[in-house]
Amino acid sequence: MGRAAKDKRDIYYRKAKEVGFRARSAFKLLQLDEEFKLLEGVNRVVDLCAAPGSWSQVISRQLADRRDQSKIVAVDLQEMAPIEGVTLVQGDITSSVVADKIVQLFDGQKADIVVSDGAPDVTGLHDIDEYVQSQLLLSALNITTVLLRPGGSFVAKIFRGKDVTLLYSQLKIFFPFVTCAKPKSSRNSSIESFIVCKGYCPPAGYIPCLDKPLLDFKYGQDDALLGYNRCIVPFVACGDLSGYDPDTVYALEDESMEESGTSYTTRAPVQAPINPPYKAALDAKRIHSNALSS
Ligand code: SAM
């Protein structure tokens, strides 16, 4: 799809470029923040799975008035272009080296909030995609237990598949307040939602550790993570519900353009990906077709 066609079919993609965000996902965090006041009064923030960086841009803008006392760390497997007020770490959120690096960047202090918009490369096979996404969410929770202060918040992308109630129960072990939220900018057609967890309070005796998968831990006599019943948490739709609908196609030219006789100009993305994984595939394809035509 060309840029103009994408501008027409994806209003949040178009708006992101207009206001200088690297990705449309920025609006999801803005709408979650509007509903849950996630960034109010926080100083230390970790953005997991952050590339290309639109969530970090939102966080940086919201904390701009306290830049000298705040610290934002963004982590991704992919390389990211610099963002004002954000320290970038390239690495895997399942790695203890990455966790140690973040702790060091915070001078041993804990984060007020950890957010994760992490997503694996989807295959289109729903069961596999849901399973891999749930494992990434648990990995984000695992590193969060190393980084977050008691009482802190955790926000992460979740796929509302058939086993989502088990994930809710697992999150409830660490957070008394768990809500599932669907921002207006997230497509209705997508099973994506966001889990908003507040009041971090790990079980007594819990020792954060990245070397063991979270589900292996046992607390006291119980295997707490496996023994809990599945549970249901509140579901909230957030963002201006009469605002732009991501599943609607909007005309490129608005009334003011028609009146002034001007036409719509397509903008380039705010920040092209640096070394994206698909670049190697495109290069290989180009070399192959050059070889065939020579
Ligand atoms: N929130 C970002 C923004 O607003 O620009 C978009 C994040 S994108 C949907 C999902 C990201 O998760 C990808 O950049 C991917 O590299 C990252 N990711 C997936 N698995 C990861 C892992 N194990 N460690 C670090 N990053 C990971």
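Good morning. Because the model is predicted, local features need pLDDT of at least 70 and side-chain atom pairs count only at pLDDT 80 or more, while totals for chains, interfaces and linings use all residues. Residues are numbered from 1 along each chain as its sequence is written, and side-chain values use heavy atoms, with hydrogens and water left out.

I begin with the annotation. An unreviewed UniProt entry places the feature "binding site" at Gly-53, Trp-55, Asp-76, Asp-92 and Asp-117. Such positions follow the numbering used here, feature names are shortened, and annotations may be inferred rather than shown by experiment.

Let us turn to Asp-76, which lies in strand β2, residues 71–76. Strands (E, at least two residues) and helices (H or I, at least four) are DSSP runs, numbered from the N terminus. Is Asp-76 buried or exposed? Asp-76 is buried, because its relative accessible area is 10%; buried means under 20%, exposed over 50%, and partly exposed in between, with a 1.4 Å probe and protein chains only. Leaving out residues up to four places away in sequence, Asp-76 touches Cys-49, Ala-50, Ala-51, Val-89, Gln-90 and Gly-91, where contact means heavy atoms within 4.5 Å. Its side chain also reaches the backbone nitrogen of Ala-51 at 2.9 Å.

Asp-92 is placed in the loop between β3 (86–90) and α5 (96–105). Asp-92 counts as partly exposed, because its relative accessibility is 33%. The side chain of Asp-92 makes a polar contact with that of Thr-94 at 2.9 Å. A polar contact is a pair of N or O atoms within 3.5 Å; within protein, one must be able to donate a hydrogen and the other to accept it, and residues adjacent in sequence count only if both atoms are side-chain atoms.

Next, helix α4. Which residues of α4 are buried? They are Ser-54, Trp-55, Ser-56, Gln-57, Val-58, Ile-59 and Ser-60, so that 7 of the 9 residues in this helix (54–62) are buried. Trp-55 is also one of the annotated binding-site positions. The elements covering the buried residues of α4 include α3 (26–36), β1 (44–48), β2, β3, β4 (111–116) and β7 (192–198).Finally, the second largest pocket: α6 (126–147), β5 (148–159) and α7 (164–172) each supply at least two residues of its lining. The largest share of that lining, 8 residues, comes from α6.
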